[in-house]
Amino acid sequence: MDYRFKAGSVPLLVSMPHVGTDIPDEVAARLSPCALARADTDWHLAELYAFAEDMGASTLAARWSRYVIDLNRPPEDTNLYPGQDSTGLCPLDTFGRERLYQAGMEPDRPEVERRLQRYWRPYHDQLRAELDRLLALHGRVVLWDAHSIASNVPRFFEGRLPDLNFGTADRTSCSLQLEGVIIQAAEAQERYGFVFNGRFKGGHITRFYGRPQDGVHAIQLEMCQCLYMIEAPPFAYRPELAEHIQPVLRQLLGAALDWVRA
């Protein structure tokens, strides 16, 4: 199976496109040693968001590493942040600008197309199918695209990233009412800082599937990994930290669910 999926009963789908760590043998054989650390993975999010299934939410988590293909990039590989540095559909380097491939072994366009069909398409087919199922059942649905990143990545932003980075594609991927509800929920806690539509406004999933006029309200949350794990190898989960952020995540998802069911 190319992903882990569990269908829920409420109008909420949690997508985790960057949690995958598997790399097919034919791709791994061409990668540089640095790639084996899979440093740019959204580590442990399935564990962090495990409560979502108890809430009745549907969950979709990737199997394949973003080094194989990035599920949160558009298939035509356009830059989501024009004028700013970004990794591509089939990344050639890490967030730290280390070369992912051995010299001369980078994927060409036909290879990228094959990966699109083999690894990218199944995730998006399942995502689309589940959104359609939930829409048929409930009339509208919240798509929560869950991400995490190291708190300091000079390639993409200066200094330390805010704790919680919400993206709604500059207020176009969900109802403004829902965005207001999430802002209120974020303001209700004082432990973590947050920003809306800052450095991370939402990737392809948020921008493409977020169609509030059609009943799909998409929000991306990019959170600092230091809130729940060690940001260096072996990227260990820290439950004593996670126990503080998990109730906040539950409150945020709960607020979104209350709104969409109202």
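The model is predicted, so local features need pLDDT of at least 70 and side-chain atom pairs need pLDDT 80 or more, while totals for chains, interfaces and linings use all residues. Residues are numbered from 1 along each chain as its sequence is written, and side-chain values use heavy atoms, without hydrogens and water.

Now the cysteines. A disulfide is a pair of cysteine sulfur atoms within 2.5 Å. The whole structure has 0 of them. For Cys224, the closest cysteine sulfur belongs to Cys226, at 4.8 Å, which is too far for a bond.

Next, helix α4. Helices are DSSP runs of H or I with at least four residues, numbered from the N terminus. α4 covers residues 109-138, 30 residues in total. From first C-alpha to last it reaches 40 Å, close to the expected 44 Å. That expected span is 1.5 Å times one less than the number of residues.

α4 bends by about 45° at Arg121, and Pro122 follows within four residues. The bend is the angle between axes fitted to the seven residues ending there and the seven starting there.

Glu111 sits in α4. Its side chain makes a polar contact (N or O atoms within 3.5 Å, one able to donate a hydrogen and the other to accept it; sequence neighbours count only if both atoms are side-chain atoms) with the side chain of Arg114, at 2.7 Å. At the helix start, a side-chain oxygen of Asp108 comes within 2.9 Å of the backbone nitrogen of Glu111. After α4 comes Gly139, with a positive phi near 90°.

Methods
Helices (H or I, at least four residues) and strands (E, at least two) are DSSP runs, numbered from the N terminus.
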